[in-house]
Amino acid sequence: MTATIAIRTGTGRPLRPSAVARRRKSRRRAGRVRRLARLRGRSDAGMTTAEYAVGTLGACALAATLYKVVTSEAITGALTDMLVRALHAT
């Protein structure tokens, strides 16, 4: 049996046995989490659907706002005047 001494990074002093045990336990836990995620498939598979829904809702809100602005009397009048001037310029 070989004894392993873990050295604290940057200090050159050995880690306390409890710190080594905590690190080992943490690594085991992280491995279990990764294994479960791999077995279940992608854990964030539903996120893309939610992102598309939010993006579509934002696009619809922007389209509605632009429609209201473009169909207002001031903008319609300005566009009509510009078009008439462009057609009579020749």
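**Fold and confidence**

The model is predicted. Its chain holds three helices and zero strands. Read from the N terminus, the order of elements is α-α-α. Mean pLDDT for the chain is 80. A value of 70 or more is reached by 72% of the residues. Helix 1, residues 17–40, has the lowest mean, at 78. Helix 3, residues 73–88, has the highest, at 92.

**Surface**

The chain has 90 residues, and 3% of them are buried. Its accessible surface is about 8,500 Å². Carbon and sulfur atoms account for 63% of that surface.

R24 has a relative accessible area of 49%, so it counts as partly exposed. The cut-off for exposed is over 50%.

**Nonpolar patch**

V69, V70, I75, L79 and M82 make it up. Their accessible area together is about 420 Å². Helix 2 (47–70) and helix 3 are the elements that each give two or more residues to this patch. Helix 3 contributes the most, with three residues. V70 is placed in helix 2. V70 is partly exposed because its relative accessibility is 45%, and patch residues need over 30%.

| Residue | Patch | Relative accessible area |
|---|---|---|
| V70 | nonpolar | 45%, partly exposed |

**In brief**

The chain is built of three helices. The nonpolar patch draws on helix 2 and helix 3. Helix 3 is also where confidence is highest.

Note on methods. Residues are numbered from 1 along each chain as its sequence is written. This is a predicted model: local features need pLDDT of at least 70, side-chain atom pairs count only at pLDDT 80 or more; totals for chains, interfaces and linings use all residues. Side-chain values use heavy atoms; hydrogens and water are left out. pLDDT is the predictor's confidence in each residue, from 0 to 100. Helices (H or I, at least four residues) and strands (E, at least two) are DSSP runs, numbered from the N terminus. Buried means under 20% relative accessible area, exposed over 50%, partly exposed in between (1.4 Å probe, protein chains only). Patches are made of residues with over 30% relative accessible area and no salt bridge: like charges are joined within 9 Å, nonpolar side chains (Val, Leu, Ile, Met, Phe, Trp, Tyr) within 5 Å. Accessible areas come from the Shrake-Rupley method with a 1.4 Å probe; for residues, only the protein chains shown count as cover. A salt bridge is a side-chain nitrogen of Lys or Arg within 4 Å of a carboxyl oxygen of Asp or Glu.
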